[in-house]
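Please open the structure in your viewer and keep the selection tool at hand. The tour goes from one selection to the next and says what is found at each stop.

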Amino acid sequence: MRNNTIDCLKGFLLILVVIGHQSAWPEINKVIYLFHMPAFFIFAGYFLNKKDFSIFITSRVKGLLYPYILACVITFLYWIVFVKNFGSGVSVLLEPFQLLKNLAYANASNGRLEPNTPIWFLTAYFFYSVFGYLIFKMLKSQVYSFLFSVLLSFLIYIFFSPENMPFGIYTSFIMLPIYFLSSVFITDSKNVLYASCYLIIFILLISLLNYPRVDLASGNIANPIYLIVFTFLFFRASLPVFYYIKEVKFLSNYLTLLSNAALPIIVLHMPFIVLLNGGISMIFDYDYSYVRDNAFFSVVSVVFSVVLLPYVIVFLKIDKLFNYGFIKGKVKLN
C-alpha cells in the first residue's frame with residue numbers, strides 16, 4: 001500500500017534537492033544539506049524488502065543500476081554536445097576517456113561527476129540497500145543491526161576517504177545507521193505540538209553548531225552523528241505537516257507526481273538547469289556565471305525544474321524509460 005504522507009514528503013524533498021544545487025543561496029544550502037539527501041536514504045529501510053535475496057537484488061539492479069547506466073549515457077552525450085563546448089569549470093577540461101572512467105567509477109568526490117553530479121545517488125543507494133539488507137538478514141535483529149551499522153559507519157569515517165571507495169560505497173556505509181532507524185523516523189504522527197518542539201530543537205542545534213557543512217556527494221561529512229540527528233529532527237518536525245498537506249488535493253497530486261518521477265528528475269535536473277541558464281545567458285547576453293549565481297535566475301531555474309520538468313518527463317514518457325517499461329514482462333522473478 002502507498003503511503004500518501006511519504007509521497008508528499010518525498011516530493012518536497014525533491015524540491016529541496018533542486019534548490020540545493022543553486023549556488024545563489026549558500027547559507028540555505030548548508031541547512032538543506034544537513035538532511036535532504038540523508039532523508040532519501042530513509043525510505044530503503046522503511047520499505048525493508050524481506051523477500052528472497054535473488055528477488056531483492058534483481059529489483060535493485062533493475063531499479064537503480066540500470067537507470068545509472070542510462071544516466072551515464074545521457075550524461076556523456078549531454079557533455080559531448082553542450083558542456084564540452086559551452087560549459088565552464090572542470091567539465092570543460094575533461095577528456096572523453098576521463099569522463100567515461102569517472103562515470104564507471106561512479107564517485108562524485110573531487111568533481112569526478114561534475115557534468116551531472118546528482119547521479120552518484122543511484123549507485124550509493126544501491127549498495128546502501130544491499131548492505132542494509134544483508135546485515136539485517138545476518139543479525140536478525142533491528143537493534144543489533146543498528147548497533148553494528150553505527151560501529152561500521154564510524155570505522156569507515158575514521159579510516160577511509162571517499163576518493164578510495166568507488167560507486168558511492170563510502171556514503172553507503174556512512175548512512176547505514178539510518179537504514180535501521182527508519183521505523184522510528186517515519187511515523188504518521190498528527191501531534192503538531194511535538195512537531196513544533198522538534199523544529200525548535202532543530203533550529204537551536206543549527207545555531208549552536210554554526211551550520212556544519214554536510215555533503216554526501218563529495219564526502220565532506222563532519223560526523224555521521226550529524227546525519228542521524230538532523231534527519232531524525234527533520235522527519236519528526238515535518239511529518240505532521242505533510243499528514244495534513246496530503247488532504248489538500250492539488251498539493252497532494254503535485255507532490256505525488258514529483259515523488260513518482262523522482263529518479264528521472266534526479267538524473268535530469270542538473271543538465272536541465274545548465275541548459276536553462278545557458279539559454280538565458282545567450283538570450284540576454286549575460287555572463288553564464290552571473291546567471292548561475294543570481295538569486296532571481298536561480299528562482300527561475302527552481303520553478304522551471306520542479307514545475308515544467310516533471311510534466312516534460314511524463315509527456316515524453318521518460319519515466320517509463322527509467323522504470324524499464326519497455327522491457328516489462330520480459331524478465332521473470334522466481
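**The whole chain**

Start with everything shown as a cartoon, and keep in mind that this is a predicted model. The secondary structure consists of 16 helices and zero strands. Of the 334 residues in the protein, 50% are buried. Among contacts with a separation of 6 or more, 78% are between residues 24 or more positions apart.

**Helices H1 and H11**

Select residues 4-20, which form helix H1, and residues 224-245, which form helix H11. The axes of H1 and H11 are 9 Å apart and meet at an angle of about 115 degrees. The crossing of H1 past H11 is right-handed. Now show the side chains where the two helices meet: Thr-5, Ile-6, Cys-8, Leu-9, Phe-12 and Leu-13 belong to H1, and their partners in H11 are Phe-234, Phe-235, Ser-238, Leu-239, Phe-242 and Tyr-243.

**Aromatic pairs**

Next, show the aromatic rings. A pair of such rings is described by the distance of the centres and the angle of the planes. The protein has 33 aromatic pairs. Zoom in on Phe-12 and Phe-242, whose ring centres are 5.3 Å apart; the planes stand at 50 degrees, so this pair is tilted. Because Phe-12 lies in H1 and Phe-242 in H11, the pair ties together parts that are 230 residues apart in sequence. Phe-242 has 6% relative accessibility, which is under the 20% cut-off, so Phe-242 counts as buried.

Then select Phe-284 and Tyr-286. This aromatic pair is stacked, with 6.0 Å from centre to centre and 15 degrees between the planes. Phe-284 is partly exposed at 49% relative accessibility, and Tyr-286 is also partly exposed, with a relative accessible area of 37%.

**A charge over a ring**

Select Lys-10 and Phe-43. The charged end of Lys-10 sits over the ring of Phe-43, at 6.0 Å from the ring centre.

**The nonpolar core**

Which residues have the most contacts inside the largest nonpolar core? They are Phe-41, Trp-120, Phe-121, Tyr-128 and Phe-235, in a core of 96 residues. Colour helix H7, residues 120-139, which gives the most to this core, with 12 residues. Then centre the view on Phe-121. Apart from neighbours within four places in sequence, Phe-121 is in contact with Met-37, Phe-40, Phe-41 and Ile-266.

Most residues other than glycine have a negative phi. The last two selections have a positive one.

Select Ala-106, in the loop between helix H6 (96-105) and H7. The phi of Ala-106 is near 55 degrees, a positive value in a residue other than glycine. Ala-106 has a relative accessible area of 1% and is buried.

Finish at Lys-317. Where is Lys-317? Lys-317 is in the loop between helix H15 (295-315) and helix H16 (318-322). Although Lys-317 is not a glycine, it has a positive phi of about 60 degrees. With 58% relative accessibility, which is over the 50% cut-off, Lys-317 counts as exposed.

Notes: Residues are numbered from 1 along each chain as its sequence is written. This is a predicted model: local features need pLDDT of at least 70, side-chain atom pairs count only at pLDDT 80 or more; totals for chains, interfaces and linings use all residues. Side-chain values use heavy atoms; hydrogens and water are left out. Rings of Phe, Tyr and Trp (its six-membered ring) pair if their centres lie within 6.5 Å; planes under 30 degrees apart count as stacked, over 60 as edge-to-face and the rest as tilted. Helices (H or I, at least four residues) and strands (E, at least two) are DSSP runs, numbered from the N terminus. Buried means under 20% relative accessible area, exposed over 50%, partly exposed in between (1.4 Å probe, protein chains only). A charge sits over a ring if NZ of Lys or CZ of Arg is within 6 Å of the ring centre and within 35 degrees of the ring normal. A nonpolar core is a set of buried Ala, Val, Leu, Ile, Met, Phe, Trp, Tyr and Cys residues joined through side-chain atoms within 4.5 Å. Contact means heavy atoms within 4.5 Å. Axes are lines fitted to C-alpha atoms, for helices over the stretch in contact, and angles run from 0 to 180 degrees between N-to-C directions. A crossing is left-handed if the near helix is turned anticlockwise from the far one by less than a right angle, and right-handed if clockwise.
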